[in-house]
Amino acid sequence: MKENGKETYTAVVLAAGKGSRMKSRVKKQFMKLMGRPLIFYPLRAFQESTVDEIILVTEKDSISYCREKIVKRYGFTKVSHIVSGGKERYESVYEALKRANSDYILIQDGARAFLNDDIIIRAMEAVKKYKACVIGMPVKDTIKIVDKDHYAIETPDRSTLWQMQTPQCFVTEEIREAYKKMMEAQEQNVTDDAMVMEKYGERRIKLIEGSYKNIKITTPEDMLIGKAFMKMRRFKHKLFKK
Ligand code: CTP
Ligand code: MG
C-alpha cells in the first residue's frame, strides 16, 4: 500500500523458457516481431499502464542482454528486478514471487505479445474486486478428453470451457503462500498459476474475458499470425491519427 492509501501492483513478465516448440535459433522470447524482440511488447504494455513495478524473469545467460538491449534501450523504467528463472514455468514464477513487493500481482507470459491496455485495466480492476482472477476466453472448438491411445472418452459441454490466457492475477501474499505450499509438496504438473491457487490456496478463481488476439506465440505459425495482428494494429493507428 502506498502512503496515499492506494494499492500497489507488480507485473511479472516470464521469459525464461526454452521455446522448444518454436524450433528457432534465437529463443522465441527474443525473436523479432516488426523489428522488436517479442518481450518488448508486454513490457511496453505494463510500462505504459498504472502498474507500479515490473519483474522480468529470464535465463541467467540472458540477464545482461535483457538489461542492456531491452530494459535500458527502450527505457522500461518500471523494471525493478531482472531475475534468473527456473527449469519449469512455475519455478520461474516462484523466483519472481520472492521479490514482489506489492498488494497485487499480475503474472504474464512473455510470449503473449498482444497484451493491451484494455486487458491490463480489466485485470487490475478484477483482482481488486475478486482477489484471484485469470484472463481467458470461451473455447471455440469442441474439446475431447482422450485416453492414452488417443481414443475419445468424453466430450465436455463446450459452454463450460474456457481457455486460459494471462495475466493471472492474485493478492501477492496469497499466491506466494500457495506457491510455497506447492513447492513443499513437490507438485510437478503445474501449467498455470490458477492451478496453484485452486489446489493450495483459499480463493476461487474468477475468469475475465481477454481477447482472441491475446495469443501465446508458441509454434512457427504463431509468428505469422502475430505479424498479421501487428500490421492490423499499425494500420488502425494510422487510420485514427488522420
Ligand atoms: N517460461 C519461463 N520459465 C520456464 C518456462 C517458461 O519463464 N522455465 C515462460 C516462457 O518464456 C513463456 C511463458 O513462460 O513466456 C509461457 O511458456 P511457453 O509458451 O511454454 O514457453 P516455453 O516454455 O519457452 O516454450 P516450450 O514449452 O515450447 O519450450
Ligand atoms: Mg513451456
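Reader: Where does ligand 1 sit, in the terms used for pockets?

Author: A word of care comes before the reply, since this is a predicted model. A molecule is placed in a pocket if more than half of its atoms lie within 2 Å of the pocket's grid points, and by that test ligand 1 sits in the largest pocket. The elements that give two or more residues to the shell around ligand 1 are strand E1, residues 9-15, and helix H3, residues 89-99.

Reader: Which residues come nearest to ligand 1, and how many residues are around it?

Author: A residue is counted here if one of its heavy atoms lies within 4 Å of the molecule. There are 18 such residues around ligand 1, and those that come nearest are Gly 19, Ser 20, Arg 21, Ser 92 and Lys 216. Sorted by class, the shell around ligand 1 holds eight charged, six polar and four nonpolar residues.

Reader: Which residues have a polar backbone atom at 3.0 Å or 3.1 Å from an oxygen atom of ligand 1?

Author: The general idea is to look for a pair of N or O atoms within 3.5 Å. In this model a polar backbone atom of Gly 17 is 3.0 Å from an oxygen atom of ligand 1, while for Lys 18 a backbone N or O atom lies 3.1 Å from an oxygen atom of the ligand. Ala 111 also has a polar backbone atom at 3.1 Å from an oxygen atom of ligand 1. As for cover, ligand 1 on its own has 560 Å² of accessible area, of which the protein covers 89%.

Reader: Why is helix H1 described as largely enclosed by the rest of the structure?

Author: A residue is buried when its relative accessible area is under 20%. Helix H1 spans residues 40-47, and seven of its eight residues are buried, so the helix is largely enclosed by the rest of the structure. The buried residues of H1 are Phe 40, Tyr 41, Pro 42, Leu 43, Ala 45, Phe 46 and Gln 47.

Reader: Turning to the backbone, which residues does a cis peptide bond join?

Author: For a peptide bond, the angle to read is omega. The cis peptide bond joins Thr 166 and Pro 167, with omega at about 10°, and Pro 167 has its place in strand E10, which covers residues 162-171.

Reader: How far apart in sequence and in space are Ile 121 and Val 51, and how far apart are Ile 143 and Ile 107?

Author: Each pair is read with two numbers, one along the chain and one from C-alpha to C-alpha. Ile 121, in helix H4, is 70 residues from Val 51 in sequence and 9.6 Å from Val 51 in space; Ile 121 counts as partly exposed, at 40% relative accessibility. Ile 143 lies in the loop between E7 and strand E8 (145-146), and Ile 143 is 36 residues from Ile 107 in sequence and 26 Å from Ile 107 in space. Ile 143 is partly exposed, with a relative accessible area of 36%.

Terms used: Residues numbered from 1 in each chain as written. Chains lettered and ligands numbered in written order. Predicted model: local features only at pLDDT ≥ 70, side-chain atom pairs only at ≥ 80, totals over all residues. Heavy atoms only, no water. Polar contact = N/O pair within 3.5 Å; in protein donor to acceptor, adjacent residues only side chain to side chain. Areas by Shrake-Rupley, 256 points an atom, 1.4 Å probe, with all protein chains shown as cover. 1 Å grid on protein atoms, 1.4 Å probe; cavity = no way out; pocket = protein on both sides within 12 Å on 5 of 7 lines; lining within 4 Å. Helix = DSSP H or I, 4+ residues; strand = E, 2+ residues; numbered from the N terminus. Nonpolar A, V, L, I, M, F, W, Y, C, P; charged D, E, K, R; others polar. Buried < 20%, exposed > 50% of the residue type's maximum accessible area, 1.4 Å probe, protein only.
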